[in-house]
Amino acid sequence: MNKAKKLLAILLSAVMCLAALTACSKSPVESEPGKSGESATKGAGDTDASGSKEVTINFWHHYNAQSAENDTLTKVLIPKFESENPGIKVNAVSHEWADLHNKILVSAQSGTLPDVARLDAAWIPEFQAADILTSLDEKTSDFKDVSQALLDSAMSTAKIGDHYYGLALNTNTKILFYNVKAFKAAGITPPQTMEEFINDTKKLSGTNENGQQIWGYDEPALAGWNLCPFIWSYGGDLLNPEQTKASGYINSEKTVAAVQMFAGLYKDKAITGWNSGDIPMTDGFGTGRYRMILEGPWKIAEMKGAYPDFEYATAPIPAGDGGSVSVLGGEDISLFNTSGNDAAKEAAWKFAKFMTGEFAQTEMAKCGQIPVNKTALESDTVKNSDFAPFIEAIKTAKSRPTVACWSEIDSELSAAVTSVINGEKTAQEAMDQLAVKVDGLLAGK
């Protein structure tokens with residue numbers, strides 16, 4: 001399949017999957033009035049007052065236009081970058097999350113991609129398969145030095161095969177949130193092992209003083225983002241290390257055991273959350289109907305806003321045979337295979353390095369973005385932040401498979417586990433059948 005056909009196929013799929021989201025997306029917000037994000041390197045041949053060549057690069061991102069992150073970007077970071085790099089101007093354009101994804105695919109078709117963008121890490125495999133991302137380790141001479149300053153775990157989200165198609169920009173993961181009052185009443189401490197997690201989840205379930213059902217644990221979906229921490233901590237996996245094969249991994253004894261654990265707890269009415277009509281996670285946790293949840297740093301702000309008096313604490317995900325392993329989220333910053341001149345490409349790389357440097361990372365940490373720069377992670381800003389409890393988990397967290405067909409695999413995984421939860425198949429049967437399907441997806445069948 002040639003590049004144009006690849007892009008068309010991916011675009012059609014993306015439009016179908018994200019139509020509902022993009023229908024309510026907002027118009028782009030630009031940092032410099034009158035400039036269009038369509039012209040990737042327009043102005044590259046202009047000269048400034050000193051007679052030097054000036055280049056303007058377009059940076060697309062999905063920081064909310066009204067957010068502290070966007071203010072920091074436009075009022076602190078870009079001005080500092082431009083002052084340190086005379087002759088380079090940055091035109092930053094804010095898009096809604098889903099709109100940015102589709103906008104990039106459409107722009108690839110018309111040859112109007114930006115020079116550099118902040119991308120959801122989950123998009124990297126898809127865009128790499130469409131042949132629109134720059135292989136940074138092959139195209140930049142100082143990639144190794146730059147990447148070594150960033151967390152290895154976060155950098156894994158940008159690695160496809162043997163090459164890197166971005167720099168980690170910010171990261172996140174999930175840890176256990178638990179109801180302090182409920183744990184004290186039950187006489188238990190936060191579970192440190194998977195065995196303790198199972199026992200505690202059952203012990204915390206039942207009915208409250210009002211006769212309402214309560215659950216020891218809430219999980220809002222049965223997808224990779226939700227299941228992987230348990231599969232990995234159990235010692236299982238989805239694919240082989242080369243990410244070319246599922247059989248023997250996604251249907252291994254330990255992966256099957258993790259799936260069976262969910263099914264068993266659901267049968268015992270100890271977990272819920274993914275069914276239509278279930279109490280939303282924040283409300284269920286804040287009202288005491290869910291005793292434990294596995295969530296990211298964004299939940300801290302949500303709980304402060306919705307249930308400011310609710311007492312909870314956090315702990316690492318319980319460890320199994322594979323250790324305590326959570327899942328990585330976050331964003332990467334990537335360069336595109338544009339037809340722009342070399343000056344624009346060099347300027348885009350300088351900007352990417354600046355955004356992953358200590359100064360920019362520390363400034364964004366003040367807004368709640370978890371840094372990936374190792375030096376920034378040691379700053380007082382990070383140590384005193386609300387997200388500080390997540391830092392240790394990030395060091396051992398893993399990325400979901402970085403393969404182009406991940407969205408299809410994720411959908412099949414969810415369907416397979418749902419069939420087990422509903423008692424339609426045994427865990428082994430479902431995962432054996434899933435392994436065959438995933439092997440086919442990986443082979444392009």
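**A helix pair and its setting**

Reply: H18 and H19 are roughly antiparallel to each other. The angle scale works like this: under 35 degrees is roughly parallel, over 145 roughly antiparallel, 65 to 115 roughly perpendicular, and the rest oblique. This is a predicted model, where local features need pLDDT of at least 70, side-chain atom pairs count only at pLDDT 80 or more, and totals for chains, interfaces and linings use all residues. Residues are numbered from 1 along each chain as its sequence is written, and side-chain values use heavy atoms, leaving out hydrogens and water.

Start with the geometry. Helix H18 covers residues 406-421 and helix H19 covers residues 427-442. Their axes come within 9 Å and cross at roughly 170°. An axis is a line fitted to C-alpha atoms, for helices over the stretch in contact, and angles run from 0 to 180 degrees between N-to-C directions. The names count DSSP runs from the N terminus: helices are H or I with at least four residues, strands E with at least two. H18 passes H19 in a right-handed crossing.

Now the residues. Which ones of H18 meet H19? They are Glu-408, Ile-409, Glu-412, Leu-413, Ala-416, Ser-419 and Val-420. Their partners in H19 include Ala-427, Met-431, Leu-434, Lys-437 and Leu-441. Contact means heavy atoms within 4.5 Å. The residues of this contact divide into 11 nonpolar, one polar and three charged. Nonpolar means Ala, Val, Leu, Ile, Met, Phe, Trp, Tyr, Cys and Pro; charged means Asp, Glu, Lys and Arg; the others, Gly among them, are polar.

Next, the setting. The protein chain has 19 helices and 16 strands. Of its 445 residues, 53% count as buried. Buried is under 20% relative accessible area, exposed over 50%, and partly exposed in between, with a 1.4 Å probe and protein chains only.

Look at helix H9, residues 194-203. Its buried residues are Met-194, Phe-197, Ile-198, Asp-200 and Thr-201. They pack against several elements, including helix H10 (224-234) and helix H11 (253-267). The axes of H9 and H10 come within 11 Å and cross at roughly 130°. That makes H9 oblique to H10. Met-194, Phe-197 and Ile-198 of H9 make the contact with Phe-230, Ser-233 and Tyr-234 of H10. The residues of that contact are five nonpolar, one polar and no charged.

H10 and H11 form another pair, at an angle of about 130° with axes 8 Å apart. H10 is therefore oblique to H11. H10 passes H11 in a right-handed crossing.

Loops can be covered too. Pro-371 lies in the loop between helix H15 (358-365) and helix H16 (380-383). Pro-371 is buried, with a relative accessible area of 1%. Among the residues it touches are Leu-151, Thr-171, Val-382 and Phe-387. Pro-371 and Leu-150 are 221 residues apart in sequence and 8.8 Å apart in space, C-alpha to C-alpha.

Key. Left-handed = near helix turned anticlockwise from the far one by under 90°. Lists of a residue's contacts leave out its neighbours within four places in sequence.
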